[in-house]
Amino acid sequence: MIYYVAPNGSDQNAGSKEKPLATLIKARDIIREHIQKGLSEPITVHIEEGDYRVGGIVFDERDSGTAECPIVYEAE
């Protein structure tokens, strides 16, 4: 599963390459929903080039993947 975040995105979008999310917070929250339902595949969040305001974002044990289903945030 792949999500995209871009400065010109919207948190109303689904997070696809064509319709990226705007914030890492929204990506994190979507991933937390997947984890609660049972993570069944790896998740990657591609962060497009640009400026982001990231104050206040917190990652904790709820954001952890597994060895079989890692969660990776990476710059595009």
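The model is predicted, so local features need pLDDT of at least 70 and side-chain atom pairs count only at pLDDT 80 or more, while totals for chains, interfaces and linings use all residues. Residues are numbered from 1 along each chain as its sequence is written, and side-chain values use heavy atoms, with hydrogens and water left out.

Let's begin with strand β2, residues 43-47. Strands and helices here are DSSP runs numbered from the N terminus: E for strands, at least two residues, and H or I for helices, at least four. Is β2 buried or exposed? Of its 5 residues, 5 are buried, so the strand is largely enclosed by the rest of the structure. (Buried means under 20% relative accessible area, exposed means over 50%, and partly exposed is in between, using a 1.4 Å probe and protein chains only.) The cover is on both faces: Ile43, Val45 and Ile47 are buried on one side, and Thr44 and His46 are buried on the other.

Now look at what sits beside β2. Strand β1, residues 2-5, runs parallel to β2 and is joined to it by 4 bridges. Two strands count as paired if DSSP finds at least two bridges between them. Along this pairing, Ile2 stands opposite Thr44, and Val5 has Ile47 as its bridge partner. Strand β3, residues 71-75, also pairs with β2 in the parallel sense, this time over 5 bridges. There, His46 stands opposite Glu74.

How does the chain get from β1 to β2?

Which residues make up the largest nonpolar core? There are 11 of them: Tyr3, Val5, Leu21, Leu24, Ala27, Ile30, Ile31, Ile43, Val45, Ile47 and Ile71. (A nonpolar core is a set of buried Ala, Val, Leu, Ile, Met, Phe, Trp, Tyr and Cys residues joined through side-chain atoms within 4.5 Å.) β1, α1 and β2 are the elements that give two or more residues to this core, and α1 has the largest share, with 4 residues.

Leu24 lies in helix α1 and counts as buried, at 15% relative accessibility. Leu24 and Ile47 are 23 residues apart in sequence, with 8.3 Å between their C-alpha atoms. Not counting residues up to four places away in sequence, Leu24 touches Val5, Ile47, Val54, Ile57 and Tyr73, where contact means heavy atoms within 4.5 Å.

Phe59 and Tyr73 bring us to the aromatic rings. A search of the whole structure finds 1 aromatic pair. The ring centres of Phe59 and Tyr73 are 5.3 Å apart and their planes are at 70 degrees, so the pair is edge-to-face. (Rings of Phe, Tyr and Trp, for Trp its six-membered ring, pair if their centres lie within 6.5 Å; planes under 30 degrees apart are stacked, over 60 edge-to-face, and the rest tilted.) This pair links distant parts of the chain, 14 residues apart: Phe59 is in the loop between β2 and β3, and Tyr73 is in strand β3. Phe59 is partly exposed at 42% relative accessibility, and Tyr73 is partly exposed at 27%.

The last stop is the loop between α1 and β2, where we find Leu39 and Pro42. Leu39 is partly exposed, with a relative accessible area of 23%, and Pro42 is partly exposed at 38%. The C-alpha atoms of Pro42 and Ile71 are separated by 6.0 Å, although these residues are 29 apart along the chain.
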